[in-house]
Amino acid sequence: MVALKYLLPLLLVPFPAIAGWANFILDSADGELLIPLGLSDPVYQQIDKSADYVTYVFMVVAAWRWPLRRIVIALFGLRTVGQALFFITGDEIVFFLFPNFLEPLFLVYATILLFKRADAPAFFARHAIVIWVFVVAYKLQDEFITHVANVDRSELIGRLFGA
């Protein structure tokens, strides 16, 4: 599973939507599997964050010819600051302060590209406000729950539905 976290991002270049969503699912589930199998949380965090950064690099490579290239690069820069500060300080709150808007924007645009191909830039432009509201709202709540509140998402969902 650890090797897959580093190898799957390579597929973002030829298959941005499929590899992007597969990576999203893997990144969402890996901690639930690796930590109970005996990987300590500090070691998991180092592996997870370094594998995430490999993903971000390949997102930039995959998006290099997209009309959103400059935005993708800027969001990569924002998250790079957060990644660097995390590796220096070990403090997860930096991920909330330097949110990963890159990943959800990449996934949205790659999915639009998969289904709309030639019309993707125009489709994105027509729906940019809704897309950006979704990206920012989704990622800020995600960064808060994961890195500030440090609440396990499956426990949170269970509590919300009275389980």
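These questions and answers cover salt bridges and a surface patch in a predicted model. Residues are numbered from 1 along each chain as its sequence is written, and side-chain values use heavy atoms, without hydrogens or water. In this predicted model, local features need pLDDT of at least 70 and side-chain atom pairs count only at pLDDT 80 or more, while totals for chains, interfaces and linings use all residues.

Q: How many salt bridges does a search of the whole structure find?
A: A salt bridge is a side-chain nitrogen of Lys or Arg within 4 Å of a carboxyl oxygen of Asp or Glu. The search of the whole structure gives a total of seven.

Q: Which helix holds the Lys-5 that meets Asp-27 in a salt bridge?
A: The N to O distance for Asp-27 and Lys-5 is 3.1 Å. Helices are DSSP runs (H or I, at least four residues), numbered from the N terminus. Asp-27 lies in helix H2 (residues 16-34), so the pair ties together parts 22 residues apart in sequence, and Lys-5 lies in helix H1 (residues 2-7).

Q: Is Lys-5 buried or exposed?
A: Buried means under 20% relative accessible area, exposed over 50%, and partly exposed in between (1.4 Å probe, protein chains only). Asp-27 has 21% and counts as partly exposed. Lys-5 has 3%, so Lys-5 is buried.

Q: How many residues apart are Lys-5 and Asp-48, which meet in a salt bridge?
A: Their side chains meet at 3.0 Å, N to O. Asp-48 is buried, with a relative accessible area of 3%. The pair links distant parts of the chain, with Lys-5 in helix H1 and Asp-48 in helix H3 (residues 41-62); the separation is 43 residues.

Q: Which helix holds both Asp-142 and Lys-139?
A: These two form a salt bridge, with the closest N and O atoms 2.7 Å apart. Both Asp-142 and Lys-139 are buried. They sit three residues apart, about one turn of the helix, in helix H8 (residues 128-148).

Q: What is the accessible area of the nonpolar surface patch with Ile-93?
A: Patches take residues with over 30% relative accessible area and no salt bridge, joining like charges within 9 Å and nonpolar side chains (Val, Leu, Ile, Met, Phe, Trp, Tyr) within 5 Å. Ile-93, in the loop between helix H4 (69-89) and helix H5 (94-97), is partly exposed at 34%. Areas come from the Shrake-Rupley method with a 1.4 Å probe; for residues, only the protein chains shown count as cover. Ile-93, Leu-97, Phe-144 and Val-148 together have about 330 Å².

Note on methods
Helix = DSSP H or I, 4+ residues; strand = E, 2+ residues; numbered from the N terminus.
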